[in-house]
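Please look over the sequence and the 3D structure shown below before reading on.

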Amino acid sequence: MGYKNKELLTDWQNNIDAVAELTKHSTTRTAKKSRLNALLNTVSAGKILGATEHKIDGKKMLSIHRLTTNVVPAFLECLGSPTQLPAFLAQFYPEMLQRVDYKQACSVATSNIIQMPSGRGSGASQAVKNLFVPINKYDPWRDDKKLMADVWQAVNLIAVNQVTGHQLSKEPGRGIYVTKDLIMSLLEHPQQATKTKIANSLTLLRIAGSIHLAQPDELTDAGLKLTQFNNGSKLVKSHHLYILGDFNTADWSLVSDNFNLNLNTPISKTMLIQLLGEKVASDYFPDLHGGVGKTEINFFMGIKAQKGYTNEPIMTAKAAADTISSISGVKDRTCRLYTDQVCNAKPVELEKMSKSEAKRLGYLTNNYKDTKPAEKLIVSTTKEALRMCLEKVAGKNDKLKKELKTRMHR
């Protein structure tokens, strides 16, 4: 991002005196800090990096050239790599006592971040590109893909963010304590995120196996103590302790083959059971409950079968929600969520979009003349239906044709 002191910090070993002047601080204020973000919020991070320092919603942020980011990713960009952290902190912040597996955590995080593909031309698998790399500027899932990549980096930064304390997992550097607020504080582009999108991104990372809920036999005594917490007077299980895996050994096709990348919509427990089995869903996803079930999914599949593979909308989203309400007896808001969850299942090959967008993309909306342009319709996303749409807009602008081709290859 063009931080003024980036070159100095990247080569800090050869600029000890200059960096020592930049990092001069009161040890009484930093001695009790256990996390990197807490340290950088205490010292003058803007002065150290050479950036404008200000607060948004009470949290310190750094800006340069109108780009705003959190302090930890900005600091690590200047430092060059998380593997530099143990030596850098020992040199300039020796009062922060590093946990025994801190070097391993920095090494694991660095490896995972480096393995993230930087563009379509990278050697990554198609499944990885479908989740993390936008196809082009017309990619309708562009923002969600960029956020997925940002969340994956933030998850790894959690491992290096916890400087002091105990080793949580038996395998050094792998135990992480994850909350949505902590991820938000470590995102490079937090302005694009919401807590809902962060939660759903985490679920997708867990399905691929890049992180998983820590099991008792994987934890040290210190980690086991964090698996429960007091909620008032009641002791309840915590679902915040995870094991950080490797990017290149995760099965990303489990996500890309089964779910559309819609970070506004959670994945239901039934879908996970169908995909991973009852035991895996129970052991590794105990925090997920309810959602759309087999009955509702079968209803949509039956309607789609009746309509055939045409580019005519299946029904309105309201009609779908009303039918789900009659089938399941759930309230309106939940009905709409169930509809979204069905559309999120890739094998179902359905999508919800406004009438105006459907018309623009070439779907036949003549039977929906009485509906408003913003009315949501359920449309088929089979290749046959999209091909018909593509033929209908063939004489129109290139943007529509590229968008339809993108949808065919997602």
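**Surface and overall form**

The protein chain exposes about 19500 Å², and carbon and sulfur atoms supply 50% of that area; accessible areas come from the Shrake-Rupley method with a 1.4 Å probe, and for residues only the protein chains shown count as cover. This is a predicted model, in which local features need pLDDT of at least 70 and side-chain atom pairs count only at pLDDT 80 or more, while totals for chains, interfaces and linings use all residues. Residues are numbered from 1 along each chain as its sequence is written, and side-chain values use heavy atoms, with hydrogens and water left out.

**The chain as a whole**

- The protein chain has 22 helices and eleven strands, where helices (H or I, at least four residues) and strands (E, at least two) are DSSP runs numbered from the N terminus.
- The radius of gyration of the protein chain is 24 Å, close to the 22 Å that the globule rule gives for 410 residues, so the chain is as compact as a globular protein of that length; the radius is taken over C-alpha atoms, and the rule is 2.2 Å times the number of residues to the power 0.38.
- Along the principal axes, the C-alpha atoms of the protein chain fill a box of roughly 75 × 50 × 40 Å.
- Buried residues make up 50% of the 410 residues in the protein chain; buried means under 20% relative accessible area, exposed means over 50%, and partly exposed lies in between (1.4 Å probe, protein chains only).
- Among contacts between residues at least 6 apart in sequence, 68% join residues at least 24 apart, with contact meaning heavy atoms within 4.5 Å.

**Strands and their pairing**

- Three strands form an open sheet in the order β9-β11-β10, with antiparallel pairing; two strands pair if DSSP finds at least two bridges between them.
- The edge strands of this sheet are β9 (315-316) and β10 (350-354), each of which pairs on one side only.
- Two bridges join β9 to the antiparallel strand β11 (residues 376-380), and T316 stands opposite L377 in β11.
- Elsewhere, four bridges join strand β6 (residues 228-231) to strand β7 (residues 234-237), and these two run antiparallel; the bridge partner of N230 in β7 is L235.
- The hairpin of β6 and β7 has two residues between the strands, and in this hairpin G232 takes a positive phi near 75°.

**Residues in loops**

- G308 lies in the loop between α17 (294-307) and β9, and it is partly exposed, with a relative accessible area of 23%.
- G308 and A38 are 270 residues apart in sequence and, from C-alpha to C-alpha, 57 Å apart in space.
- E349 has its place in the loop between α19 and β10, and it has a positive phi of about 60° although it is not a glycine.
- With a relative accessible area of 28%, E349 is partly exposed.

**Residues in helices**

- Q341 is found in helix α19 (residues 332-344) and is buried, with a relative accessible area of 3%.
- Leaving aside its neighbours within four places in sequence, Q341 is in contact with residues including T265, P266, M271 and V292.
- L404 lies in helix α22 (residues 398-408), where it counts as buried at 0% relative accessibility.
- Leaving aside its neighbours within four places in sequence, L404 is in contact with L361, L386, C389, L390 and V393.
- L404 and K359 are 45 residues apart in sequence and 13 Å apart in space, C-alpha to C-alpha.
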